[in-house]
Structures are given as C-alpha cells and as structure tokens.
Amino acid sequence: MYRAPVNEIAFTLREVTGLKQLQGMPGNEELTDDLVDAILSEAAKFAEEEIAPLNRKGDLDGAKLVDGWVKTTPGWKECYTNWYQGGWNSLTGSPEFGGQGLPNMLHVAVMEMWNSGSMAFTLGPTLTIGAVEAIETHGSDYLKSTYLPKLISGEWTGTMNLTEPQAGSDLSALRSRAEPQGDGTYKIFGQKIYITYGDHDMTDNIVHLVLARLPDAPAGTRGISLFVVPKYMVNEDGSLGELNDVRVAGVEHKLGIHGSPTCTMVYGDEGGAIGYLVGEENRGLACMFTMMNNARLAVGVQGLGIAELAFQEALAYALERRQGKAPGSTEEGMSPIAELPDVKRMLLSMKSKAQVARAICFACAHALDMAKAATDPEQKKFWSERAGLLTPIAKGYSTDIGVDVASIGIQVHGGMGFVEETGAAQHLRDARIAPIYEGTNGIQAMDLVMRKLPLSGGEHLKAFVAELREVEAAVSAENTSDLGHTARKLKSAIDDFEAAAFWLLEAQGAGKTGEALAGATPFLKLAGLTLGGAMLAKGAIASKGEDELAHKRRVQLARAFAETELGETAGLKEAVIESGEGVLSVNMAEFA
C-alpha cells in the first residue's frame, strides 16, 4: 500500500530545490512552513486513502465507450468529486477566478503523491490545469470569465487536442479547419486522436482546446490557430445549453493507464462545432505551447510518481520474501532478499533514481515560480531561461527513470513481478507512455540541445555548470569517509557534461546540426545523471543537522548513485561527441 513520503518531499522542497528562496520573494509572504506542511499532509491523506485504492480497479476495469459516451471506472467519479470539492484543482489558479494562487512547487509536490496514487486518475486534472494556463495567458475576457472559474475549481475539465492521424509530433500536417462565422465564433471540423480524457462522466462539461486552420491560413505551423470548443454550450447566465457538435468516435485499448480514457474526437459531423478563438489567428501554436510546457513538467512528475510507488512495493516485497543466504548472515534459515547484495543494489538504484526525479522536477517548478515572482528584468530572464533548460530534462530524464525503476521493480519481484497478481507489471505498463506523449523524449533532447543550450549565447549554460561545480566543491570539502568516492565521481560527471555541452554548441555554430542531433538523446541522459548526482549530494550535505537516520539515508543514496550510476557519463560524453558521423552515414533502407 502506498505511503506518501511527506518528509522526503518537504526536505527536497526546502533544502535542495529552493522553496526557502521563494518564500522570501514578494507575493509569497503567506507561504509559511506551517501552510506548506498542512497542504502536504492533507494531500498525502487524500492520495493514500482515496486515490490509491482505485489504482488497481482502474487497471482491471478501465474506461469504456457506452452508448456513444465514455464511462469511467466505478468509483472514479466519486473520487474526482471529492478531489475538486476539497480545493485541490484550484491550488495554483488565479485568485481572480477562485484559485488559491499558490506556487508551482507545491502543486508539483502534491501531483507526485496523486500520480503515485494513480497516474491514470491524475491525468484528467493534469490536462485541466494546462487548459487553465492557456486560457489565462492568452484568452479573451469573455473566455476567462466564462470558463476559468469552473476549470480552476475543477467543476469542469479541460483537454488538449493536437494530434491527428496524419499529424503526430509534426503539426505542420494538421488538417482540422475552422470557419469564421462573422459573430466572433468559428465552426470547427476535423478529427483528433489520442485525446486524454476527451470524454468522461466525472463532470457536467468538458472544455476542449483544439488546434485548427483558418481558410486563408499560411501553410505549415505558422497557420495554426487555437480554439476553445466546449462539449456543452454555455449560456449567458453560466448555465449549460445544448450539446455542441462534438462526439467520441472511439476509446483506445492501451498497454497501460487503462482508467484514463484516450479518445478519438470528431468535430463538425452535423454542421460544425462552435469554437472561440484563443489569442490571435494563426498564432495558436504559441498559445498551445503554454499548455504543453506545463504538461511536460507534469509528465515528468508522472515518472517520479510511478518510480516512488514501484520502489515502495519492491522494498516491501524484498523485506518479506526469503531466498538464499545473505553474506555474513547468522540467522537460521533463508534471508530476506533485501539483504542479498544484488537485490540491495537494485533497491538502492530505484530509491536514488526516484529522489533524483523528485529533485529535478521540483527544481524546474522552482525556476518557473522564481521567473513569475522576480521583479528585476535580469532575474526574470535568468529564471525563465533556467526553467527552459530544466523542462526537457525534467520531462525526459524523469520519465525514463519511471520506466527504468518500474522495470527494476519487476526484477526484484522475480517471477511474481511478471504475473499481474502483484501489480508490479502495471507500473511498467502505466509508465511506458510517459516518454512518448507531450513531446517524445527524443524531441525533448533536441529541444535541450538546439534551443536551450544556446540561451544567452551559452552564458546561461556557463552559470549552470558553475552551480554544479559549487556543489562538487562542497562535497569535496566535507571529505568524510561515508561519502566514499562521491566527490570524485561527481567532478568527473560535471567534466563530461561540460565537455559534451560545449561541443554541441560548437557543432551547431559550425553547421554540424546532424551531428548535434545524433548526440541529443545521450546528452539528455548525461545532463540528467549529472544534475541528479549533484542534487543528491546537495541533499546529503544539507541534512547534516537533521535526524541521524534521515541524514544517513541521504548520504547512502548520494554515494550509491555516484558510485553505481555516474560512471555512465564518460561513455555518454563519447557518444555525444563521436557517434554522430557513424549514425548519419547509415541508410536504414539497406537494413530492410
């Protein structure tokens, strides 16, 4: 049974990823430690007692299409009602529209717990919060007043409609169309696929954000506009009107997240769905990216949530399961497999990776909050760039961690992990989508290399490396035997990261775009490993005045990660710098 790691979450927020710094910023005066602790405690209770018990039910009895509409897992609707009535959806929403105005750091922290409870359940609110941000940032006063209060409260949910059968990651091929009606509305026609919570029975209305082309739109991504298309029209008094021309054509049968309905949506079968423009015509992609950037960090948190849950269940099993004899054991009979060196290594890998994902995601949220809170233009720019740099790492590396940790969890369970009875297999099936949607991890790697490393002409990258060096220097200054080879391993990793990063910048400057792109994915992993190692080490040092056992655990995790994981950075650096030509020279058709 899942137990939210509240103390670990609170420590990471305060001591590793900058919550204390944020609490000192204007507008955050009410963000006291007592308030933070109260929110974390109540979120943990809801995740453990209400969401987690539904996780297995959602896997076994997932969302279904019944009489043309989606019916969710029994208990899903009641849980969601309790969730939004508890105020959880409104945590970060604007107070102007009924939100609580709390920072992203707190939202990400509670989202971790909800995803550990059930990733499939939490996907619905995740998309709603992204829709809120898109409308709040780009919508007209009418859209804000009509839709934001209900979306922020959670009384209605939101979706993101990008993908079409012929247009996946490349939206330039998008065909859905929008016809202006002369009264400020548009008629929307087209089909969208892979729409998360495109339909369900948990709320009275669903607010779809849909990408479509106007009749005179330029070709490619420059000709895409964004529209709000409600499932039910909204009357002037705020009551619900007639059903819009929107229908569900199917629900996907998926590898995992069975409780989350993934829908094919059809717009305009009966004359055109009524839509409302968000932002400017032909500028929809910029509006949608507001939503996507929010979603990318949220997906990283999904990897974190699954990793934490998989570790907890693997540890519980390993402490109970007896097999073989542990070295040095004097007990009669067989030992718990948690005492066997190889299993212990796997469990340490799972735990340390989950903590790495936590720290990276929280750090990304901190940067977003600082960019919002900063009043000095240079500071605002700095934190905006830091959020930009960390977002692809948070999404890409954390979701890879989710898959990796879930897979190791099956290994710890042995044959019992491969059968569905224990639930360990569900975590891997659920986690596997996260590196794919909201921009594949390959796209995240390309974004990191091509757009984020060059920020401020590479100066932000230099500042980032300098911060990593400060952590390494602090670890070296500790010079305690319990940290083992952590300082040396971290220094080598930072050296590898710096060499690979600046090689990529030089390659782009020399017109070697193909070589840079070929090294993008190994570089993203190299960045995640290095940042993760630094953050675990930072936590180990920061916990010196803490409870003795908590400090011991953090030191052990930092050391285990440094000594068993950071050795990969040397090979990854070589893959970044040396593999491009070999990859580019291959004609894959010759392998057919």
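1. Ground rules. Because this is a prediction, local features need pLDDT of at least 70 and side-chain atom pairs count only at pLDDT 80 or more, while totals for chains, interfaces and linings use all residues. Residues are numbered from 1 along each chain as its sequence is written, and side-chain values use heavy atoms, with hydrogens and water left out.

2. Start with strand 5 (residues 185–196), which runs antiparallel to strand 4 (residues 177–180) and is joined to it by 4 bridges. Helices (H or I, at least four residues) and strands (E, at least two) are DSSP runs, numbered from the N terminus, and two strands pair if DSSP finds at least two bridges between them. Look for glutamate 179, which sits opposite lysine 187 in strand 5. The hairpin of these strands has 4 residues between strand 4 and strand 5, and glycine 182 there takes a positive phi near 85°.

3. Strand 5 has other partners too. With strand 11 (residues 262–267) it pairs in the antiparallel sense over 5 bridges, and lysine 192 stands opposite methionine 265 in strand 11. Strand 12 (residues 273–278) is also antiparallel to strand 5, with 4 bridges joining them; here threonine 185 faces tyrosine 276.

4. Now the helices. Two packed helices are described by the angle between their axes and the distance between the axes. Axes are lines fitted to C-alpha atoms, for helices over the stretch in contact, and angles run from 0 to 180 degrees between N-to-C directions. Angles under 35 degrees count as roughly parallel, over 145 as roughly antiparallel, 65 to 115 as roughly perpendicular and the rest as oblique.

5. How do helix 15 and helix 19 lie relative to each other, parallel or perpendicular? The axes of helix 15 (residues 486–509) and helix 19 (residues 568–578) come within 9 Å and cross at roughly 10°, so the two helices are roughly parallel. The contact (heavy atoms within 4.5 Å) involves Ser492, Ala493, Asp496, Ala499, Ala500, Trp503 and Leu504 of helix 15, and Thr569, Ala570, Lys573, Val576 and Ile577 of helix 19. By type, that gives 8 nonpolar, 2 polar and 2 charged residues. In this count Ala, Val, Leu, Ile, Met, Phe, Trp, Tyr, Cys and Pro are nonpolar, Asp, Glu, Lys and Arg are charged, and the others, Gly among them, are polar.

6. Helix 1 and helix 17 (residues 520–542) make another kind of crossing: their axes come within 10 Å at roughly 90°, and the pair is therefore roughly perpendicular. Phe11, Glu15 and Val16 in helix 1 meet Met535, Lys538, Gly539 and Ala542 in helix 17. The contact splits into 4 nonpolar, 1 polar and 2 charged residues.

7. On a 1 Å grid over the protein atoms alone, a cavity is a set of points where a 1.4 Å probe fits but cannot get out, and a pocket is an open set with protein on both sides within 12 Å along at least five of seven lines; lining residues have an atom within 4 Å of a point. Grid points are joined across faces, edges and corners, and a volume is the space filled by probe spheres set on the points.

8. The second largest pocket has a volume of about 760 Å³. Its lining has 27 residues, with Glu8, Phe311, Lys351, Arg553 and Leu557 nearest the centre. Helix 1 (6–16), helix 8 (284–320), helix 9 (341–373) and helix 18 (548–564) each give two or more residues to that lining, which divides into 14 nonpolar, 3 polar and 10 charged.

9. The whole structure holds 3 cavities of 30 Å³ or more. The largest is about 80 Å³, and its lining includes Glu8, Phe11, Gln355, Met535 and Leu557. Helix 17 gives the most to this lining, with 4 residues. The breakdown is 7 nonpolar, 2 polar and 2 charged.

10. The second largest cavity contains about 40 Å³ of space. Among the residues lining it are Asn55, Trp76, His258 and Asp430. Helix 3 (33–60) and helix 12 (424–431) each give two or more residues, and helix 3 gives the most, with 3. This lining comes to 3 nonpolar, 6 polar and 2 charged residues.
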